[in-house]
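Dear colleague,

Please find below the structure that I am handing over to you, followed by an account of what was found in it.

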Amino acid sequence: MHIESKINDNNHLIQENTILVVTEHPSFNHLVEKIVEPMAGKIKRDWFVKHAYYCLPLLIGNQYGFAIKSLYNFTIEWNGGQNPKDLIVIVEDATGNQIISSHFGMGVVTVQNRFHFRTPLGINLITLNPPNMFIPHLQNMTGVIETDNLRRDFTFNLKVTTPNIKISIKAGDIIASILPIPRFSVENYKIEIADNVMPLEVVESERITGRAFGDERNGPDKAKPNGNGRRYFYGVDIYENEFYKHQKNITTKP
């Protein structure tokens, strides 16, 4: 029986917090930095007003995951039909370094790169829209891939949501993103009514605190600069109790 060496066997485990990129050939290595970009540090969005930048959850969310960019200018137009030929894709100056086509039908444009991703054992990648970035009439399809196991590429698939509209993408535009997520983590969560699992006095304390927060947001906070309170940003509740391991920023890796 032939035993081969492979990524994520006992002798070649991917390090924690690392996503490997395996290109089809070393000649494609230079494409990776042109297509994949960390979202860390990408705080700004062209549609945000000043008020939005005072919302820490949005600023952290803006920086989650890794962007996938287009190598080419291309246009797409869907007539509403379900066959691949019902979606017209025109790519300018394509050299085959990224394949953009109508492959599956259903008004879906498929983007295929010349590399694939590998993750540490137990870590999936999820495909989704870039955080708080939108392309009108185009929506990423969400897929969850076992990239610790899969030894080939997967495609990014974007659904056209409005027929008979020409959609134009420019080279360098962010069109999709990936996010690492531990396998079996999401489906193990459940929803519970707090009254059923916590002492009454604890739940009532939470309700009182929530109302106090609301009163502050709808009262004194409105008079503060930009109409924003800063408790969440500084990681304290209405009674100055500190948050557990509060995160105010995302550190960009070298």
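N8 is found in the segment before strand 1 (20-23), where helices (H or I, at least four residues) and strands (E, at least two) are DSSP runs numbered from the N terminus. The model is predicted, so local features need pLDDT of at least 70 and side-chain atom pairs count only at pLDDT 80 or more, while totals for chains, interfaces and linings use all residues. Residues are numbered from 1 along each chain as its sequence is written, and side-chain values use heavy atoms, with hydrogens and water left out.

Backbone angles

N8 is not a glycine, yet its phi is positive, at about 75 degrees. Most residues other than glycine have a negative phi. With a relative accessibility of 10%, N8 counts as buried (buried is under 20% relative accessible area, exposed over 50%, and partly exposed in between, with a 1.4 Å probe and protein chains only). Leaving aside residues up to four places away in sequence, N8 touches L13, I14, R118, T119, P120, L121 and D148, contact meaning heavy atoms within 4.5 Å. For T119, the backbone oxygen lies 2.9 Å from a polar atom of the N8 side chain.

A positive phi, of about 70 degrees, also belongs to H137, which is not a glycine. H137 lies in the loop between strand 9 (123-128) and strand 10 (138-140). Its relative accessible area is 31%, so H137 is partly exposed.

Strand pairing

Strand 14 (residues 174-182) pairs with strand 3 (residues 66-69) in the antiparallel sense, over four bridges; two strands pair if DSSP finds at least two bridges between them. In this pairing F66 stands opposite I178 of strand 14. Strand 14 is also joined to strand 9 by six bridges, and these two strands run antiparallel. Here L125 stands opposite P180 in strand 14.

Surface

Which residues form a nonpolar patch on the surface? They are V197, M198 and V202, with about 260 Å² of accessible area together. Such areas come from the Shrake-Rupley method with a 1.4 Å probe, and for residues only the protein chains shown count as cover. Patches are made of residues with over 30% relative accessible area and no salt bridge, with like charges joined within 9 Å and nonpolar side chains (Val, Leu, Ile, Met, Phe, Trp, Tyr) within 5 Å. A salt bridge is a side-chain nitrogen of Lys or Arg within 4 Å of a carboxyl oxygen of Asp or Glu. V202 lies in helix 4 (residues 200-218) and is partly exposed, at 39% relative accessible area.

Yours sincerely

Notes:
Polar contact = N/O pair within 3.5 Å; in protein donor to acceptor, adjacent residues only side chain to side chain.
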